[in-house]
Structure formats: structure tokens, C-alpha cells
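The sequence and structure come first.

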Amino acid sequence: MYRTHMLLTSVNDSVSFLIVRHPFERLLSAYRDKMQNALPNSFHHKLGNIIIQKYRTNKFSRVPRWPTFPEFVNYLIDQIHNHRELDMHWTPITNFCTPCQVRFNVIAKFETLEEDQRYIIEKANIGHVVSPQWKNSGKGKKSTVALLEEFYAELSDKQVRELYEFFKYDFELFGYSVKEFYRNSSEKPSTSTPTTKPVTPLKPHSPE
């Protein structure tokens with residue numbers, strides 16, 4: 001409550017904004033950064049070894065040396081079911097950025113950040129001190145779409161549905177879709193996810 005109060009107080013005289021990302025894209029990015037590329041002997045490297053020991057079918061296999069994406073997802077789903085405290089890198093944005101309580105002036109999207117940052121700078125009237133910058137660190141490598149297709153194809157529809165239920169409010173509040181991640185059409189949610197403009201004010205409301 002104190003943290004929320006401080007946030008509400010600080011945004012009164014500011015241009016407040018929140019940057020969001022497709023939940024499944026954000027999860028995959030966290031997996032690749034914290035699991036596949038974990039620094040030796042770091043917290044995430046040790047966590048990866050624990051995941052391998054518990055979720056790898058062949059306990060003697062060390063290939064790959066990091067958890068596979070399905071192994072990581074099985075770990076995450078178990079953590080969710082057991083109500084464990086989760087790493088912030090794979091915690092839903094709606095769990096710690098309080099978009100239902102704070103009236104952010106702008107909701108920017110990672111997918112359109114080059115355009116959105118210009119809007120924020122203009123709205124804040126700080127163009128004389130800040131210049132828009134955008135660096136695509138993935139340039140020359142596999143596209144985001146290709147990576148999403150490659151990794152999520154390894155998951156079952158049941159795993160996808162479990163992940164969707166966990167990130168449901170992020171999907172609904174920020175206008176993202178999950179349907180393209182299901183292989184079996186019968187598993188797709190029956191209601192469509194609303195779409196939003198790349199940059200849009202977010203009216204405060206509480207998810208039901």
C-alpha cells in the first residue's frame with residue numbers, strides 16, 4: 001500500500017507512462033536471458049540446474065546445459081499452482097505496476113517503442129533535453145516472430161493455456177492476443193482479446 005501511495009503521489013505532477021510487451025514475448029525474452037544465457041554460478045544458473053534435475057526426463061542428460069523451454073514452463077506452472085513467490089522477470093506486469101490503481105498518462109508498447117517514445121517526449125515537452133533513441137539489438141538475428149514460433153511450438157496447448165490464464169490480465173488490459181499460439185483450435189479462448197492503439201491512456205479499473 002505504501003508503494004502504491006508513493007506512486008500515486010509522484011504521478012500527480014508528472015507525465016506518467018508504462019511500457020508493456022506481449023506477455024509471451026516477454027516471457028521468452030526472460031527465459032533466453034536468464035536461463036539460456038545465465039552467468040556461471042549466478043542465481044539463475046543455479047535455478048536452471050534445479051529445474052533440470054526436477055523436470056528433465058533423462059536425468060543423466062546435460063544437453064542442453066540449460067533448461068529447455070518446456071522444462072522451464074513446467075517449473076513456472078508448478079510455482080504458480082503452489083503459490084510461490086515468482087521472479088520479477090516472469091511476473092505479470094499487472095502484478096507489480098498497479099495499472100488498475102494508477103492512472104498512467106500513456107501506455108506504450110515495446111513493439112512500437114520507436115514511435116511511442118516520440119509521443120511521450122512530445123507530451124512531456126522535453127524534446128529540448130531528450131532525443132528519441134532506438135537500438136534494435138536483435139538486428140541481423142532471428143526475428144521475434146520466428147523465435148516465438150520456434151519456442152512456443154515446443155509447448156503443448158495445455159501449457160499454453162496455463163500460461164495464458166496466468167498472464168490473462170496482461171493480455172486483456174493491454175490488448176494482446178493468444179490465439180496464434182494454439183495448435184488445436186478447440187483450445188483457443190472463446191472470446192477475442194480487445195485490441196488497442198500503440199499508445200493510449202489507460203482508464204483505471206479493476207479486473208474482475
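K158 is exposed, with a relative accessible area of 58% (exposed is over 50%, buried under 20% and partly exposed in between, with a 1.4 Å probe and protein chains only). The model is predicted: local features need pLDDT of at least 70, side-chain atom pairs count only at pLDDT 80 or more, and totals for chains, interfaces and linings use all residues. Residues are numbered from 1 along each chain as its sequence is written, and side-chain values use heavy atoms, with hydrogens and water left out.

**Salt bridges**
- Five salt bridges are counted, each defined as a side-chain nitrogen of Lys or Arg within 4 Å of a carboxyl oxygen of Asp or Glu.
- K158 and E162 form a salt bridge at 3.1 Å, N to O; they are four residues apart in helix α8, and therefore separated by about one helical turn.
- E71 pairs with R56 at 2.8 Å, N to O.
- This pair links distant parts of the chain, with E71 in helix α4 and R56 in the loop between α3 and α4, 15 residues apart.
- Both E71 and R56 are buried.
- In the salt bridge between E25 and R21 the closest N and O atoms are 3.0 Å apart, and both residues are buried.

- Helices (H or I, at least four residues) and strands (E, at least two) are DSSP runs, numbered from the N terminus.
- In α8 (residues 157-166), D157, Q159, V160, L163, Y164 and F166 are buried.
- Those buried residues pack against α2 (23-36), α4 (69-81), α7 and α9 (168-174), where contact means heavy atoms within 4.5 Å.
- E154, in the loop between α7 and α8, is partly exposed at a relative accessible area of 41%.
- Leaving out residues up to four places away in sequence, E154 touches F69, P70 and Q159.
- The C-alpha atoms of E154 and F69 are separated by 7.5 Å, although the two are 85 residues apart along the chain.

**Nonpolar core**
- The largest nonpolar core has 42 residues, of which F24, F69, F72, W90 and Y152 touch the most other members.
- A nonpolar core is a set of buried Ala, Val, Leu, Ile, Met, Phe, Trp, Tyr and Cys residues joined through side-chain atoms within 4.5 Å.
- Beyond four places in sequence, F72 touches L27, Y31, M35, I51, P67 and W90.
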